[in-house]
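Colleague: I'd like to learn how to read a structure like this one. Could you walk me through a few features?

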Amino acid sequence: MAHIGVDRRAGHLARLEPGAGLDFRGTPFTRDLLTELLAALTDPATGRHRLGPADFEEAEFSGDAQFARVDFTGDVSFDGAAFGGGAYFTGARFEADLGFVGATVARNVWLDGVECGGGVCFNKTRIDGELRLETGTIAKSAVFRGLVVGGDATFSGIEFIEPAVFMETDINGTAWFDGALFRSDARFDGARIAGKAWFDGAEFHHDARFDSATLGEDVSFNGTRFVEGAAFPGATIGGDVEFGGNEIGGDVTFRKATFQRTTVLGPLVFPRLLDLSDAEFQSAVTIEAAVGTLHCRRTRWGSTAALRLRHAEVDVSDAVLQFPVSIAGRSRPFVADGRELEVPELSDAPVRVASLRGADAAHLVLTDVDLTGCQFVETVHLDQLRLDGRCPLALPPPGLRRIGLRPVRWTRRRTLAEEHHWRAGRQGADGWMHAPDGTDVWGPAALAPVYRQLRKALEDGKDEPGAADFYYGEMEMRRLDPDTPPGERALLALYWAASGYGLRATRALGWLLLAVVATVLAMMLWGLPQDDPEPVSTGTVTGGRVTMTTDKPDPVNPQGSYGSRLSYERFEKSLRVVINSVVFRSSGQELTTAGTYVEMASRVAEPALLGLAVLAVRSRVKR
């Protein structure tokens, strides 16, 4: 239209009426020409420009293209158009679809406050300046696949009624989605945002997916609402990921994500799953989360990390820890904007570690976490694990139990969940915790080394009393292992029965008291002679010389009934003999042959029992 004469062009524009359809495919436009066109389409009743279906495919705009306060009543297409300046649609209304496929814009594109009754398509559009699409509504699908923006991109307050697709979008500045409302799916697969990304106060009513997205700097989700959760599988994140005051109805997953310079992730507070499996953290990071479940399976920590958690059940299976990583239970709620963040569904649940299988525990520190159901078998460098604070493990079944018809009372001690699983599978076991479905059940041969390594870990941390239970568990597994030689098993059984492997002082003292009573009784009945033999001296006179010989007769076995032998005098003598035997001394009391053998046995057994009792006490108070 620029090549025709002025009079002819004026006549053509005069024939146009507001709402007329336009076909300007491939037409070059100057700023003045566009102004004349829109003036011819002005609705006198509203003072706004009104266009019907408009086709500007491959049109060329030499300067800024001003479409402010234009009402597009039909489909409008700028596919393949070239804008030498910017394209400005502030306050425009689109009753049907808007197409910008393959268009190139040398400066900015502004669509502030637009209302779009159809869809928007910016596939493979290139905008060298900034893109602004604020405080409006897009009634149908919004597609920005392959969009390239040289500056910032702003979508603040926009309401997307149908799916919003930002797949493979490339934004070289900051991206603003604060206050945006996504009523359907939001897809950012393969998108790249070089600057910061702000999603504060946004709402995602369906899937929010950032598969393989690249977020170059900080990402903020403060006050963001995720009705069905959010997914960042394979994403690359260059800065912090901030959450706070969120409402999250589904899971949040960062599977296979790479955190390059992330120092803060969270606080995430919601009752479902936070999945960091296969993720890689390349810098020191602090993760704050109050969630139902936290998966860190095969997660790689390339620097130090602090996981400050509430309520979560944590799975660290096969994780790679190249630097110190701490997992700590937090007693107080997280705070955001002066408000405590809490999950009512999880208010009573402690932080629980479900599994360390396959993980390298050389750099792992656990503080105030529940290890009741934790699986330790196959953990690498378990002897270097550090346990701080209160880290309870499973306890044996309390009270009297039965194995078949035999009543038993299990010794109270800290036990592995795997021991529970093994004992629960044995015939007649009662009260032990069964293995969850799909969980391997390990026998004593596999559990003994685990107890040994945990014992060493606590001993290296100068917690000798705490290590005692793990020594007990190790000895139990050795005793119950069918591959242990019979002689060794018999010796371990005797050690267990006598003193609980040198850890149960009351058991050793009980046996000592029983041995003392039995020895005193045996001495009174058979050990002490009828009377203490008196020495007899005889002499021989030979000339003027007298030769004296003194002999002591052999002790005479006691006579009379057993009742007559149980006198106070004989009890006192027997007690002295036994007490001297306990401290490994000889009493000097004359004894019968039977009494001599009883004393010999007591001088071996009773000091040993006393020593085991002392050893048990020392194991509980040793520093």
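Modeller: Helices (H or I, at least four residues) and strands (E, at least two) are DSSP runs, numbered from the N terminus. This is a predicted model, where local features need pLDDT of at least 70 and side-chain atom pairs count only at pLDDT 80 or more, while totals for chains, interfaces and linings use all residues. Residues are numbered from 1 along each chain as its sequence is written, and side-chain values use heavy atoms, with hydrogens and water left out.

Colleague: Is threonine 224 buried or exposed?

Modeller: Buried means under 20% relative accessible area, exposed over 50%, and partly exposed in between (1.4 Å probe, protein chains only). Threonine 224 counts as buried because its relative accessibility is 0%.

Colleague: And which residues does threonine 224 touch?

Modeller: Contact means heavy atoms within 4.5 Å. Not counting residues up to four places away in sequence, threonine 224 touches Phe199, Asp200, Gly201, Ala202, Phe204, Asn246 and Glu247. There's also a polar atom of its side chain 3.0 Å from the backbone oxygen of phenylalanine 221.

Colleague: What joins the side chains of aspartate 315 and serine 317?

Modeller: A polar contact, at 2.6 Å. The term means a pair of N or O atoms within 3.5 Å; within protein, one must be able to donate a hydrogen and the other to accept it, and residues adjacent in sequence count only if both atoms are side-chain atoms. Aspartate 315 sits in strand E49 (residues 313-315) and is buried, with a relative accessible area of 10%.

Colleague: How many residues of helix H3 are buried?

Modeller: Eight of the eight residues of helix H3 (residues 417-424) are buried, so this helix is largely enclosed by the rest of the structure. Among them are Trp422 and Arg423. The buried residues of H3 pack against helix H4 (444-460) and helix H5 (464-480).

Colleague: What is the area buried between domain 2 and domain 3?

Modeller: The size of an interface is often given as the accessible area lost when the parts come together. Buried area here is the accessible area (1.4 Å probe) that two parts lose on being put together, summed over both. Between domain 2 and domain 3 that's about 440 Å², with carbon and sulfur atoms giving 39%. On the domain 2 side, Glu464, Pro465 and Ala468 lose the most area to domain 3, together 73% of what that side buries.
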